[in-house]
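Me: I've got a protein model open and I'd like to get my bearings. Can we go through it together, one question at a time?

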Amino acid sequence: MAGMPVLGNSVGAGELRENGSNRSSSSESRGDSSPLRTQDVETNCHRSEISSSLPLRRPFERDFHTAVPTMATLNSGVIVTHTVPSYDEQRASPALLTRHTGTPGGRSVRDDGYCSASSTPRALDHKSTKSSVVTLSCYKKEPKVQIEEEGYFTEPKRNRKYSKANLAHKLADDGRETWGTGADFLLSIIGFAVDLANVWRFPYLCYRNGGGAFLIPYTLMLVFGAVPLFYMELILGQYNRQGPITLWKICPLFKGVGFCAVMVAFYVSFYYNVIIGWALYFLVSSARSELPWLHCDNSWNTEQCWDAARQNTTNKTDVPYHGPLSHFTPASEFFHRAVLEMQNSEGLNDLGFPKWQLMICLGIVYVTLYLSLFKGVKSSGKVVWLTATMPYVVLSILLARGLLLPGATRGIAYYLHPELSRLKDTQVWVDAAVQIFYSVGAGFGVHLSYASYNTFHNNCYRDCLVTTLVNCFTSFFSGFVIFTYLGFMSHKQGVPISSVATEGPGLVFQVYPEAVATLPGASLWAMLFFFMLIMLGLDSGMGGLECVITGLLDAARASGASWLRREHFTLLVVCVSFCVACINITPGGIYMFHLLDTYAAGISLLCSALFEAVAVSWFYGLKRFSDDVEEMLGFRPGIYWRICWKFVSPVFIIGVVVFGLLYQQPLQYQHYTYPQWAVVLGWGLACSSILMIPIVALYKLISTPGNCRQRLACCISPENEHEAIRSGAPVSRFTWSHWLYV
């Protein structure tokens with residue numbers, strides 16, 4: 001009831017002692033016998049114009065000895081403290097004596113767990129209380145109230161330790177930087193999710209798998225598989241404010257998942273940034289009056305080169321024309337012979353030396369990445385305003401130009417024409433699952449790293465939905481852009497759409513360049529297109545390296561390396577990635593590129609996301625996870641999210657993994673078949689990240705002190721519960737209610 005003293009331990013005016021020891025002896029005896037640690041929470045009880053941010057201490061030591069008379073009462077389950085005005089204040093404003101009827105003094109402060117005198121109180125609804133001790137100390141020069149609580153709070157079918165210190169910790173100044181604005185974070189996760197695959201993979205998959213009918217499995221896989229995992233990563237990063245490795249203090253047994261995610265992101269940077277380097281090379285090559293891939297009169301062309309713009313009598317070869325996917329068009333020969341110089345390599349065992357022009361382009365890319373990342377999210381958050389928005393401007397311009405070309409409507413019709421019969425094909429559903437999963441980017445740890453720089457109460461639920469909608473719209477919209485030009489090529493060359501439609505580098509570095517080569521102002525359209533590719537690639541490249549930097553830097557600092565500066569560590573990561581990436585710009589580098597693209601982020605990425613979902617929804621616990629969401633956002637996740645997290649999403653990933661293992665395709669690039677040792681090398685690369693999960697789990701089980709039961713309990717429980725577990729407290733994860741909660 002309002003106005004009653006707190007737990008029978010009334011604190012009246014002038015009764016607070018300097019050492020804060022005005023607890024009853026019976027309360028102290030209960031506190032000594034409790035297996036739980038004493039939790040400290042501090043709440044400001046000061047004038048509105050004064051603020052303070054001293055760290056928590058125990059015992060409550062202060063450098064100021066002038067006590068302020070204070071009364072503490074319990075009002076609707078909320079602790080209310082009333083500060084008695086000083087004599088001078090009362091003389092200056094007699095109204096202070098009667099303000100807030102029924103309470104002594106003029107100012108009241110409610111402790112809502114947010115360390116703020118102006119925030120809205122949050123009621124504490126607990127069924128029963130075992131023991132509780134409250135100690136209040138207010139000092140005039142450093143006006144603060146510290147509240148000490150300890151005990152068990154019994155909920156239906158479960159004992160749970162209640163700790164207000166956890167909430168205070170979230171809002172404490174932990175020294176971690178935050179995004180300049182919420183828009184910086186939103187554009188960053190949009191920029192990572194919307195990447196090159198939205199342009200070069202989704203349109204082709206949509207055409208190949210039934211046109212508009214492909215949107216049915218795509219949407220279902222999006223709603224029940226990828227989005228819940230994406231939302232989970234944002235919650236994990238924002239609530240814990242830790243990178244993908246140190247985050248796993250919530251469940252140490254799965255700390256290897258963080259290492260796996262960081263390694264996958266690092267491996268991807270070895271070849272993904274090379275694509276941006278190729279695009280930069282094409283951009284520079286396009287800055288001339290005539291595009292170099294327009295005719296077959298260049299030094300790199302072969303006699304088999306077929307120039308479709310000329311009459312057949314002027315071509316040097318009798319090989320019939322089969323469309324731009326033939327390896328003898330000017331565009332394909334420019335890419336393979338002039339840019340990659342594949343003719344100087346016999347295969348993976350004959351890589352050669354890096355091409356200096358490509359090395360310069362790749363170096364510019366990595367310098368750009370370093371300048372965007374070395375200051376953290378304060379710098380990268382500004383770069384994404386250009387890299388995340390410019391592609392939409394360029395896509396709109398290219399679409400407007402493409403719709404004016406003959407055959408454009410034919411290309412769009414092929415893109416969207418629904419073939420519902422294709423839904424019976426299992427491969428269509430697998431393609432939809434793989435595409436949306438990789439497109440959203442769950443499992444990389446990038447969204448988790450970005451979210452760790454959010455403010456605690458940022459609406460990550462809204463950010464998740466907005467990013468997902470933008471990602472899907474971009475994939476669908478880019479399909480219109482691509483297929484207007486493919487329809488134009490099909491009409492001009494008199495070949496079916498199937499002869500020009502493809503995916504991957506073949507689409508953006510062979511088919512599209514040939515499509516724009518004969519347009520008026522071809523150089524302008526080519527430069528716009530490759531500029532768009534660079535923008536799409538840069539923010540995704542930034543996200544991958546940010547995951548590596550944040551993950552390893554947080555882990556190093558948690559181990560005591562507080563001297564490590566982000567600028568220096570970022571330079572180290574960027575330099576290592578650049579040195580490895582140079583392998584892919586050698587004459588035989590395209591074979592290594594394809595090997596990395598196949599194995600670096602395939603099964604290993606799926607395993608990372610799978611164990612992340614299992615660790616959070618089963619071991620950490622959906623109830624605890626839902627409590628975290630409510631603490632941040634003010635509402636609990638609905639039944640849809642909880643069912644997807646616990647059952648649907650893991651099954652979704654397992655299905656994709658099993659299908660991928662059962663239906664392995666031979667590893668080859670064009671006509672080159674990889675040797676068996678290359679396949680073993682690829683699987684070794686994939687397993688190097690996957691094996692981090694069981695290796696770290698085994699290490700945690702062995703190195704954790706205590707008996708077998710305590711070791712297991714500590715490994716599957718958050719670190720802030722370990723001391724209580726070793727003291728004999730009940731382990732909630734050894735109860736059926738923990739595992740059966742949905």
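Predicted model: local features only at pLDDT ≥ 70, side-chain atom pairs only at ≥ 80, totals over all residues.

Me: How much of the chain counts as buried?
Reply: The chain has 742 residues. With the cut-off of under 20% relative accessible area, the share that counts as buried is 57%.

Me: How many helices and strands does the chain have?
Reply: Helices (H or I, at least four residues) and strands (E, at least two) are DSSP runs, numbered from the N terminus. Going by that, the chain has eleven strands, and its helices number 27.

Me: Is Ala193 buried or exposed?
Reply: Ala193 lies in helix 4. Its relative accessible area is 1%. Because the cut-off is under 20%, Ala193 is buried.

Me: Which residues does Asn198 touch?
Reply: Asn198 has its place in helix 5 (residues 196–200) and counts as buried at 0% relative accessibility. Contact means heavy atoms within 4.5 Å. Not counting residues up to four places away in sequence, Asn198 touches Ala193, Pro203, Ser439, Asn471, Thr474, Ser475 and Ser478.

Me: Where does UniProt place the feature "binding site", and what is the largest C-alpha distance there?
Reply: UniProt positions are given in the numbering used here, feature names are shortened, and annotations may be inferred rather than shown by experiment. The unreviewed UniProt entry puts "binding site" at Gly191, Ala193, Val194, Asn198, Ser439, Asn471, Leu536, Asp539 and Ser540. These are spread over 350 residues of sequence, yet they cluster in space, with a largest C-alpha distance of 13.8 Å.

Me: Which cysteines does the disulfide join?
Reply: A disulfide is a pair of cysteine sulfur atoms within 2.5 Å, and the structure holds one. The S to S distance is 2.0 Å, and the pair is Cys296 and Cys305.

Me: Which helices do the buried residues of helix 11 pack against?
Reply: Helix 11 covers residues 377–387, and its buried residues are Val377, Ser379, Ser380, Gly381, Val384 and Thr387. They pack against helix 4 (182–193), helix 10 (356–373), helix 12 (390–402) and helix 18 (522–558).

Me: Which backbone oxygen does the side chain of Ser689 reach?
Reply: Ser689 lies in helix 23 (residues 676–690), and at 0% relative accessibility Ser689 counts as buried. Leaving out residues up to four places away in sequence, Ser689 touches Cys260, Met263, Val264, Tyr267 and Ser604. At 3.0 Å, the side chain of Ser689 reaches the backbone oxygen of Ala686.

Technical notes: Residues numbered from 1 in each chain as written. Heavy atoms only, no water. Buried < 20%, exposed > 50% of the residue type's maximum accessible area, 1.4 Å probe, protein only. Polar contact = N/O pair within 3.5 Å; in protein donor to acceptor, adjacent residues only side chain to side chain.
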